[in-house]
Amino acid sequence: MTTTAKEFQNHIGGKWQSAQSGKTFPNHNPATGEIIGHFPLSGKSEADAAVAAARSAFDKWRLVPAPKRGEILYRVGELLTRYKEDLARTMTREMGKVLKETRGDVQEGIDMAYYMGGEGRRLFGYTVPVELPNKSGVATRDPIGVVACITPWNFPIAIPTWKMFPALVAGNTVVIKPASDTPLSALRLVEILYEAGLPDGVVNIVFGPGGTVGEALLHHPDVAVVSFTGSTESGRHVAIEAAKSLKRVSLEMGGKNAVIVLDDADLDLAIEGILWSAYGTTGQRCTACSRVIVHSAVRKQLIEKLVPRIEQLRLGNGLDETVDVGPVINASQLDKIHSYTGIGKAEGATLVTGGSIAREGELARGHFYHPTLFADVRPDMRLAQEEIFGPTLSVIEVASIEEAIAVNNDSKFGLSSAIYTQDINRVQRAMRDITSGILYINSGTTGAEIQFPFGGNRGTGNGHREAGIAGIDVFTEWKVVYTDYSGKLQKAQIDQSEL
Ligand code: UN1
């Protein structure tokens with residue numbers, strides 16, 4: 001396809017620049033196949049230059065008072081608000097999700113800007129009493145240095161803000177390598193950071209493949225922290241490689257999130273939650289619901305009510321406000337999603353609706369998949385265990401709350417769960433026994449708010465959390481300062497029996 005689409009550049013040390021090779025890669029609209037732009041096909045040399053710029057900017061940025069760093073983030077929040085509609089349209093064009101959702105994605109970035117802007121006047125450490133007289137102790141947070149942010153395509157603005165804003169307010173500098181499917185949204189965000197007054201080199205963006213740019217960042221001795229969101233396979237690789245130089249690594253990876261529907265649930269309410277969590281964002285959220293664990297007493301009724309609602313969902317270009325479900329991100333994800341329909345059938349699950357690539361009319365130009373429902377899924381099937389990251393939902397039948405919770409927890413992932421019940425005692429049991437990072441009572445599995453810790457257990461993460469105060473922990477190192485003002489040597493951890 002010939003095109004006049006614009007060519008974009010990396011931003012390194014405050015300057016826009018192309019890849020040294022002059023090579024580019026195209027960015028496509030997944031709904032139409034149209035080329036949106038050409039981005040630098042960068043490699044190790046661009047990644048190294050970006051780390052050098054970030055390393056040199058760190059020496060000054062760490063000394064800018066945190067409230068001033070926070071003020072820049074407030075201005076970023078104002079600019080994101082001003083450009084929200086334009087950013088949302090850009091994001092829908094390159095990522096595919098519907099406008100209402102891309103507006104929500106930008107809004108998460110705005111929320112994070114104001115939240116982390118406020119942290120500029122908090123960044124709480126603490127002081128507690130010390131053991132010896134005429135002595136004090138205070139625990140403070142230090143920035144760590146250069147942070148590499150490797151970000152996915154499903155939340156092209158929100159997720160970069162979850163990583164960059166806490167890193168920046170704490171005094172670190174950043175190199176971001178965004179997903180190659182959604183480079184333009186990340187570039188717009190970086191433009192806004194500089195429009196808000198960020199000093200040159202504090203954030204650098206390098207476009208290109210994980211295999212070259214990502215690898216160079218992982219192995220660079222001056223990268224102190226790697227914050228990664230993406231597939232479990234890539235996350236494991238990041239952890240192993242970064243461990244060799246003892247970098248701090250924060251990982252957000254897969255999910256196999258479940259909605260539990262008990263026999264006393266408000267079924268209509270549950271159906272709304274299931275539809276939105278499973279098929280919103282075309283199932284491409286790490287928090288998306290891909291399992292419904294339903295009590296046998298209400299299974300038949302739930303499926304009967306759910307199926308017509310699924311079949312009414314309108315597929316199409318996310319720029320059309322009447323569309324419910326946009327395309328999936330690219331051809332290889334479409335193939336992967338479709339392969340799970342084959343896997344499910346071969347495993348003996350019942351395909352109730354969907355299960356095919358959508359090729360009707362205009363849909364043939366993009367990567368569309370019919371919203372899919374499988375029933376009679378057993379908890380040990382691949383359909384119920386593996387992350388599909390698409391609009392495919394599996395119904396698993398159980399006989400009790402105990403079995404429902406056991407099935408929920410029997411997953412190599414542990415991000416988000418939901419339970420529908422009217423019984424406060426069952427709610428309390430779920431709160432105690434469900435082993436996911438996030439639990440919703442009587443709503444779906446998506447929609448985590450930025451002021452709380454975000455992340456999950458087991459294969460979903462590596463023990464860190466993003467967002468909220470917990471999100472600051474990833475980007476700061478504790479420092480404890482003891483001041484002895486007694487004027488004499490006071491020996492600590494010596495028996496002080498004479499006192
Ligand atoms: C993701 O899918 O990677 O909780 C993030 C949610 C959103 C974030 C999803 N706030 O669904």
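A residue is called buried under 20% relative accessible area, exposed over 50%, and partly exposed in between, with a 1.4 Å probe and protein chains only. The model is predicted: local features need pLDDT of at least 70, side-chain atom pairs count only at pLDDT 80 or more, and totals for chains, interfaces and linings use all residues. Residues are numbered from 1 along each chain as its sequence is written, and side-chain values use heavy atoms, with hydrogens and water left out.

**Exercise 1. Overall dimensions**

Task: Determine how the radius of gyration of the chain stands against the value for a compact globule.

Solution.
- Step 1. The radius of gyration is taken over C-alpha atoms, and the globule rule is 2.2 Å times the number of residues to the power 0.38.
- Step 2. For 499 residues, the rule puts a compact globule near 23 Å.
- Step 3. The chain has 24 Å, which agrees with that value.
- Step 4. Along the principal axes, the C-alpha atoms fill a box of roughly 80 × 70 × 40 Å.

**Exercise 2. Secondary structure, burial and contacts**

Task: State how many helices and strands the chain has, and what percentage of its residues is buried.

Solution.
- Step 1. Helices (H or I, at least four residues) and strands (E, at least two) are DSSP runs, numbered from the N terminus.
- Step 2. On this basis the chain has 15 helices and 21 strands.
- Step 3. Of the 499 residues, 57% are buried.
- Step 4. Contact means heavy atoms within 4.5 Å. Among contacts between residues at least 6 apart in sequence, 74% join residues at least 24 apart.
- Step 5. Accessible areas come from the Shrake-Rupley method with a 1.4 Å probe; for residues, only the protein chains shown count as cover. The chain exposes about 20,200 Å², of which carbon and sulfur atoms supply 52%.

**Exercise 3. Charges and salt bridges**

Task: Count the charged side chains, then identify which parts of the chain the pair R285 and E101 ties together.

Solution.
- Step 1. Lys and Arg count as positive and Asp and Glu as negative, while His and the chain ends are not counted. The place of a charge is taken as NZ of Lys, CZ of Arg, CG of Asp or CD of Glu.
- Step 2. The chain has 51 positive and 57 negative side chains, and the centres of the two sets lie 4 Å apart.
- Step 3. A salt bridge is a side-chain nitrogen of Lys or Arg within 4 Å of a carboxyl oxygen of Asp or Glu. This rule gives 30 salt bridges.
- Step 4. One of them joins R285 and E101, with 3.8 Å between the closest N and O atoms. R285 lies in the loop between α9 (267-279) and β13 (289-295) and E101 in helix α4 (residues 99-119), so the pair ties together parts 184 residues apart in sequence.
- Step 5. R285 counts as buried at 13% relative accessibility, and E101 counts as buried at 8%.

**Exercise 4. Two further salt bridges**

Task: Locate the partners of the salt bridges R103–E321 and R188–E191.

Solution.
- Step 1. The closest N and O atoms of R103 and E321 are 3.0 Å apart. R103 lies in helix α4 and E321 in the loop between α10 (296-312) and α11 (331-347), so this pair ties together parts 218 residues apart in sequence.
- Step 2. E321 is partly exposed, at 42% relative accessible area.
- Step 3. A network of salt bridges links E85, R89, R103 and E321.
- Step 4. For R188 and E191, the closest N and O atoms are 3.1 Å apart. These residues are three apart in helix α6 (residues 183-195), so about one helical turn separates them.
- Step 5. R188 is partly exposed at 23% relative accessible area, and E191 is partly exposed at 30%.

**Exercise 5. Individual residues**

Task: Describe the surroundings of L373 and H295, and give the phi values of L123 and F389.

Solution.
- Step 1. L373, in strand β15 (residues 372-375), is buried with a relative accessible area of 0%.
- Step 2. Beyond its neighbours within four places in sequence, L373 is in contact with residues including Y279, I303, L351 and V395.
- Step 3. H295 lies in strand β13 and is buried at 11% relative accessible area. Neighbours within four places aside, H295 is in contact with V261, L262, D263, V398, A399 and S400.
- Step 4. L123, in the loop between α4 and β6 (135-143), has phi near 40 degrees, a positive value in a residue other than glycine. L123 is buried, at 16%.
- Step 5. F389, in the loop between α12 (382-385) and β16 (392-398), has a positive phi near 60 degrees. F389 is buried, at 15%.
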